[in-house]
Amino acid sequence: MIRKNIYKWHRTISLIIAIPVILWAASGFMHPVMTTIRPKVGTQELSPQTIDTTKIIVLLQDALLKNNIDKFSNFRIVQLADNWFYQIQLPGQNVLQYISTQNGKLLKNGDELYARFLAKQFLEGVKKTNRNISVPVISGLHDCCVNAATAVLNDTSGAKITEVELVEKFNEEYKYINRFLPAYKVSFERKDGIRIYVETQQDRFAFAMDNRRAVFDTFFSWFHTLGWLDFLGKGKLMIEIVLMSMAFLATLMGIYIFCITKTKTPNGNTVVAARRNHRWTSIVISLFTLMFTGSGAFHLFTKFSPDTRAQFFTQNVFTPVDALLDIKKIFAAAGAQKKITTISIVKINGKNYWQVFSQSEETNKKNNIPGAMDMMKRKVAPAPSAIYISTDDHTVLKDGEMKYANYLATLFSKHRPDEIVKTTVITKFEDEYGFVNKRLPVWRVHYNSNSKERFYVETSTGKLAAHVNDKDLIEGYSFAMLHKHHFMDWAGKSGRDISTMFWALAQIAVVVIGLTLYFKMRARKTRQQQ
């Protein structure tokens, strides 16, 4: 009786989850294709440019006062074509302001212009003249704002820009997995309809989408993550978990049935032949069915706890009084050999510091490595090169990067500073800090409490990159190893993709053979009843 019920339930559950499994497997098969056949871009990183001190004529404090800015969150010094600007971040505002370092004028629509400038280079690649575009003097005016705008808007090299849009919330195309907000979507006039997403705050490539990838992305969203059920909120997770659990249970029943029965010789009987095919294909593939469904359901359970990392970032407010920027003293404190690329301001334990970034030898070397500009291939970044100089007396803070990382972790974790066990710089995506986290380089700050939790912080932005503990590792490794086949990492990305695609197709084969057996049995039953 028990055996008969197991047969019945195995058949019933298998019929219910047949279509979902086919759709999951088909879209899972497409995922490696989607990550391999990506929009072609010239580069995913831009080499930082050394600050030209001869162009820093108007002091930061004067530039702020001239434009009636009495509060700001941070600033950088950036190059736009052949001009230098203070990039100003105002409290609570996503659109950055750009003030010329040469005459103190505000660049109209500066953030959009800078997004255009960055997107062009990411798409076309950095040419020798790209970051130093000179334009003729217009009507006798030596106005850097006019020249910068003209250089960007009149740049006829490569594809034409058709639209620029500020993205302040994640959407169907620019999903949460991309992490960076706010970002600009820059669309180009090309046959493939390519659009490049850039983060102007860090000169960062965020994402690229074209029409072909959009088809893959939509297919994956609809049939693998059931995006069409998003309106149900957490209810969608429950539906997915139930379906995956049913597939897991049906597989276990199938394994039990295989163990308690024997394979019969077909002798020309098509039903027996179909049953034999189903038995042997299923038992071979069942391990991977359990891996896919079990890890998938486990992963979905964790999504009931929201990912709150975006809520953790520094919220400092500075005034022009805090902005007494003396370039000569900063260069002197940093050392004559340093090639300073940008300067920002941060607060550590109530004290203000100039955060000074310089070009390192590691940065120069990595640009000569094949594939160095492809984050999917390289997955590594130079170690942080910032030093921290007191805004009061221009003394250098010893181990400033580590101290700032510890300060941020203390701020985010609410732990005491003396609870920090270890602080490590992370320059590569691997193990618990994978490519899904997007930010590099970061610092990992360890604590003993709360299952040995670790906070990954990005010092260049003052943001939380990830928060994990030992409990999270179980799910993380489960999903990485059993669902995404990272146990094949020894064979490289191609080997891992082949493994994923093969066993995804195998799931479809099991279902198709099982359905064939079911319909053959129904046909035989119908004939017997006639």
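Colleague: How many residues does helix H13 have, and what does it reach from its first C-alpha to its last?

Modeller: Helix H13 (residues 470-483) has 14 residues and reaches 19 Å, close to the 20 Å expected at 1.5 Å a residue. Helices here are DSSP runs (H or I, at least four residues), numbered from the N terminus, and the expected span is 1.5 Å times one less than the number of residues. Keep in mind that this is a predicted model, where local features need pLDDT of at least 70, side-chain atom pairs count only at pLDDT 80 or more, and totals for chains, interfaces and linings use all residues. Residues are numbered from 1 along each chain as its sequence is written, and side-chain values use heavy atoms, with hydrogens and water left out.

Colleague: Okay, what caps the N-terminal end of H13?

Modeller: That's Asn-469: one of its side-chain oxygens lies 3.0 Å from the backbone nitrogen of Lys-471. After H13 comes His-485, with a positive phi near 60°.

Colleague: And which residues in H13 are buried?

Modeller: Glu-475, Ser-478, Phe-479, Ala-480 and His-483. Buried means under 20% relative accessible area, using a 1.4 Å probe and protein chains only.

Colleague: New topic: is Asn-406 buried or exposed?

Modeller: Buried, with a relative accessible area of 17%. Asn-406 lies in helix H11 (residues 400-413).

Colleague: What does Asn-406 touch?

Modeller: Leaving out residues up to four places away in sequence, Asn-406 touches Ile-420, Thr-423 and Val-445; contact means heavy atoms within 4.5 Å.

Key: Helices (H or I, at least four residues) and strands (E, at least two) are DSSP runs, numbered from the N terminus. Buried means under 20% relative accessible area, exposed over 50%, partly exposed in between (1.4 Å probe, protein chains only). A polar contact is a pair of N or O atoms within 3.5 Å; within protein, one must be able to donate a hydrogen and the other to accept it, and residues adjacent in sequence count only if both atoms are side-chain atoms.
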